[in-house]
Structures are given as structure tokens and as C-alpha cells.
Amino acid sequence: MLKKRKLGRNISEITVGEKLVINAKIEDKDLLLYLGLTDDANPLYIQHDYASQTPLKKPIVPAIMLTGMITSAISKYLPGPGSHIKRHDIHFLKPVYHYEQLQFWFEVKGVDIEDHSITIAVEALRDEKEKVLEGTLMVCPPHAISTLDSRFLENF
């Protein structure tokens, strides 16, 4: 028996105004894993002694790590597995520090059937009140596949 794999939603199932909220807290283990994978040795991300001498006063979370949290939400939830980002424009308004609680808000702003893309606005709030980033993404939802089973997605 073949196990069916679940893809995200087709473009015809997505409507303007849909929303998604993701809560996240950045821990040291997450930062160390990111820095280890990317070989990024920027002292502003992990060295408290250095960061304390800057206007930021303490280490910050790398902007690309925050971007990764956004792209992960697109891949997992809206529209979900099988989708990909065609373009993103993200503005980092305020630094994000270690251990902060963030809330990412996503909203579908446009659906373009002809281009097979959706426009999603995103913003992240610190402690549910202070906006630390905002942006827009153009996303290609998964394409419908006639027969989808484990033979086609062995590495999925």
C-alpha cells in the first residue's frame, strides 16, 4: 500500500485576507546551530563583550536567521509543502535580541491565478506590541500533481 504525501494548498484554495500567526523564541542553541552551519563568525551575534561596546548593547539575532523563520512558515503552513518564494522584500526595523519572544503575522494580500503566485505581507512583533520587521513575499503555491504517492516523493 502506498502512503499519500500531503502538499500545501493549491492556489485555487487560497483567498485574500487569510492570516497566519507563528510564535517563536530565539534560544542560544538555535543561534549556535545557525552560526555553525553558516560559519558566520560575526561577534555581534554571539560575543557579549563585543556587543556591549556597540550602540546595540547586547548580541542580536542575524537578519538572515529571521528571514529563515519566515520562509519556514511559508514552506510549512501558508501555502505549505511544495511552495517556494519567488521574491521577498523584508525591512528589519529594530534589532532582535537573544531570548526575545516574537510573533510573526502573515496575511495574504493578493492571489494571481494567471501568474500562479500569491502576495503575502509579513510583520514580526516583539512581545506582541513592538514591530521589529515588515515585508512582502511573492510565493508560488504548490502545483497540482495528478497522482501523488510515496514513489514520487521518496526523499520528501
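Of the 156 residues of the protein, 39% count as buried, where buried means under 20% relative accessible area, exposed means over 50% and partly exposed lies in between, with a 1.4 Å probe and protein chains only. The structure is a predicted model, in which local features need pLDDT of at least 70 and side-chain atom pairs count only at pLDDT 80 or more, while totals for chains, interfaces and linings use all residues. Residues are numbered from 1 along each chain as its sequence is written, and side-chain values use heavy atoms, with hydrogens and water left out.

The protein contains 4 helices and 5 strands, and along the sequence they follow the pattern β-α-α-α-α-β-β-β-β. Helices (H or I, at least four residues) and strands (E, at least two) are taken from DSSP runs and numbered from the N terminus. Residues 24 or more positions apart account for 69% of the contacts with a separation of 6 or more, a contact being heavy atoms within 4.5 Å.

The strands form an open sheet of 5 strands in the order 1-3-4-5-2, with antiparallel pairing; two strands pair if DSSP finds at least two bridges between them. Strand 1 and strand 2 (84-92) stand at the edges with a single partner strand each, so one side of each is left without a neighbour in the sheet. From one strand to the next the twist averages 20°, with axes fitted as lines to C-alpha atoms, for helices over the stretch in contact, and angles running from 0 to 180 degrees between N-to-C directions. Helix 4 lies across strand 1, strand 2, strand 3, strand 4 and strand 5, and runs at about 140° to strand 2.

Strand 4 is mostly covered, with 7 of its 10 residues buried, and it takes part in two hairpins, which the table sets out.

| Hairpin | Bridges | Residues between the strands | Turn residue with positive phi |
|---|---|---|---|
| Strand 3 and strand 4 | 10 bridges | 4 residues | H116, about 50° |
| Strand 4 and strand 5 | 9 bridges | 3 residues | D127, about 50° |

E107 has A121 in strand 4 as its bridge partner, while V122 stands opposite G135 in strand 5 and L125 stands opposite K131 in strand 5.

**The core**

A nonpolar core is a set of buried Ala, Val, Leu, Ile, Met, Phe, Trp, Tyr and Cys residues joined through side-chain atoms within 4.5 Å. The largest one has 34 residues, of which I26, L66, I70, F104, F106 and I120 touch the most other members. At least two residues of this core come from each of several elements, including strand 1 (19-25), helix 1 (28-38), strand 3 (101-112) and strand 4 (117-126). Helix 4 gives the largest share, 5 residues. Leaving aside neighbours within four places in sequence, I120 is in contact with I74, L78, F106, E107, V108, K109, G135, T136, L137 and V139.

**Other positions**

E27 is found in the loop between strand 1 and helix 1, and at 27% relative accessibility it counts as partly exposed. E27 and V61 are 34 residues apart in sequence and 9.7 Å apart in space, C-alpha to C-alpha. K58 lies over the face of Y97, at 4.8 Å from the ring centre; a charge sits over a ring if NZ of Lys or CZ of Arg is within 6 Å of the ring centre and within 35 degrees of the ring normal.
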